[in-house]
Amino acid sequence: MIDFNRAPYVGKEVEYMQQAIAGAKLCGDGPFTKKCSAFMKEHFHSKNVLLTTSCTHALEMAAFLCDLQPGDEVIMPAYTFVSTADAFVLQGAKIVFVDVHPETMNIDETKIEAAITEHTKVIVPVHYAGVACEMDTIMDIARRHNLKVVEDAAQGVNAWYKGRALGTIGDFGCYSFHETKNYTMGEGGALLFQDDSYLERAEILREKGTNRSKFFRGQIDKYTWVNYGSSYLPSDLNAAYLYAQLEKMDEINEKRRAIFDYYHEHLAPLEKKGLIERPYLPEGTEHNGHMYYIKVKDLETRTKLIRWMKEEKGVLCVFHYIPLHTAPAGLKFGRFSGEDVYTTKESERLMRLPMYYSLSMEDVKYITDCLLEYQDY
Ligand SMILES: Cc1ncc(COP(=O)(O)O)c(C=O)c1O
């Protein structure tokens, strides 16, 4: 059976975790956490990078730092993972869902302004599959309406928009290092921001409401409870695993891009025949090979194809997401602005193919050949 995903392992993870154990420093903000943050600051040109326990928690921190009041509205695509919405719902915000572009499954920036009301405070673009949203337009809308932008770049680590790393363009950027992502620490994430004035509050929020970060830097001689907060910092043991992966960032990226390119090139004939559609990569975006998906005719075709790939060919393909505005919590906490022209229809046609660092090119060829052989599109 060919798995859909396997956590990447590049070689030095165990050595670095042993170093962390030998140093008897396993809690948060130890040497490996610092190395990971410094690496991301340098490579993604981000002034501030705080490693977190997940992207969900990075989004929660961003939602806190946006100073939302109950009843404030937050605009995001309906086609996304639940955490994008949950983080803001926890602040009492109302979610306003906007339709996606069918070509990229990213928020349709031309429909954002119609969704803005006097209660709108934040726009959350989600860079689906590591392909950038139309950030120039989104930032322009945000500036004109005095809104904050929180980039959900869970899938967009080491992906770029007009030369800028995803996650560094909006007020806040949120990364995921979950095991399904390009670079991992099992569970983990990061919060990025460029405005230094958020740093003190962000550190307090992440360290249980205390000024412990200042204490560790020797800026104060005892630490205390100064504001509300939670525990959003990961163990240095996890950071040690991640650091090994970040060091091999280019190698991981090249492998994933090679898989993407193989699928893309060899599935082109199916698109030419009108049987499937392949992902579209807008000009100015540089993706990170996070995902490869195809779109088939409809839900029934997808269900049959996923079953055939699994039962006849031993290949696990998956789909996601159930559009959030149709989920029970989406109905309770949100509303759809305008018409759902593409979100539901396109989400039912989308099928993800296996994509991970250790997937062999022989397996990629086999998966592609299976799709070329299938007769029932
Ligand atoms: C778009 C998006 N946002 C947020 C998340 C949440 O990430 P994490 O699992 O690190 O909390 C994911 C995870 O799959 C995601 O795909």
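**Exercise 1. In what order do the strands of the open three-stranded sheet lie, and with what pairing?**

Before we start, a word on the model: it is predicted, so local features need pLDDT of at least 70 and side-chain atom pairs count only at pLDDT 80 or more, while totals for chains, interfaces and linings use all residues. Residues are numbered from 1 along each chain as its sequence is written, and side-chain values use heavy atoms, with hydrogens and water left out.

Step 1. Strands (E, at least two residues) and helices (H or I, at least four) are DSSP runs numbered from the N terminus, and two strands pair if DSSP finds at least two bridges between them.

Step 2. The order in this open sheet is β7-β6-β10, and the pairing is antiparallel.

Step 3. β7 (164-165) and β10 (285-286) are the edge strands, each pairing on one side only.

Step 4. Look at β6 (residues 160-161): two bridges join this strand to β7, and Trp160 stands opposite Ala165 in β7.

**Exercise 2. Work out the layout of the eight-stranded sheet and find the helix α4 that packs on it.**

Step 1. Reading across, the order is β1-β9-β8-β5-β4-β2-β3-β12, with mixed pairing in an open sheet. Its edges are β1 (48-52) and β12 (334-336).

Step 2. From one strand to the next, the twist averages 25°. Angles run from 0 to 180 degrees between N-to-C directions, with axes fitted to C-alpha atoms, for helices over the stretch in contact.

Step 3. α4 touches β2, β3 (94-98), β4 and β5 (148-152) as it packs on the sheet, and its direction makes about 180° with that of β2. Contact here means heavy atoms within 4.5 Å.

Step 4. Now the pairs: β2 (residues 73-77) and β4 (residues 120-123) run parallel over three bridges, with Ile75 opposite Ile123. β4 and β5 are also parallel, joined by two bridges, and Val122 faces Lys148 across that pair.

Step 5. Why is β5 largely enclosed by the rest of the structure? Because four of its five residues are buried, that is, under 20% relative accessible area with a 1.4 Å probe and protein chains only (exposed is over 50%, partly exposed in between).

**Exercise 3. Describe how helices α3 and α4 meet.**

Step 1. The axes of α3 (residues 55-65) and α4 (residues 82-89) come within 8 Å and cross at roughly 35°.

Step 2. On the α3 side the contact uses Thr56, Leu59, Glu60 and Ala63; on the α4 side, Ser83, Thr84, Ala87 and Phe88.

**Exercise 4. Which residues have the most contacts inside the largest nonpolar core?**

Step 1. A nonpolar core is a set of buried Ala, Val, Leu, Ile, Met, Phe, Trp, Tyr and Cys residues joined through side-chain atoms within 4.5 Å.

Step 2. The largest core has 50 residues, and Met40, Leu51, Tyr175 and Phe177 have the most contacts inside it. Helix α8 (residues 236-247) gives the largest share, six residues.

Step 3. A second, separate core of 34 residues includes Ala58, Phe97, Val150 and Leu191.
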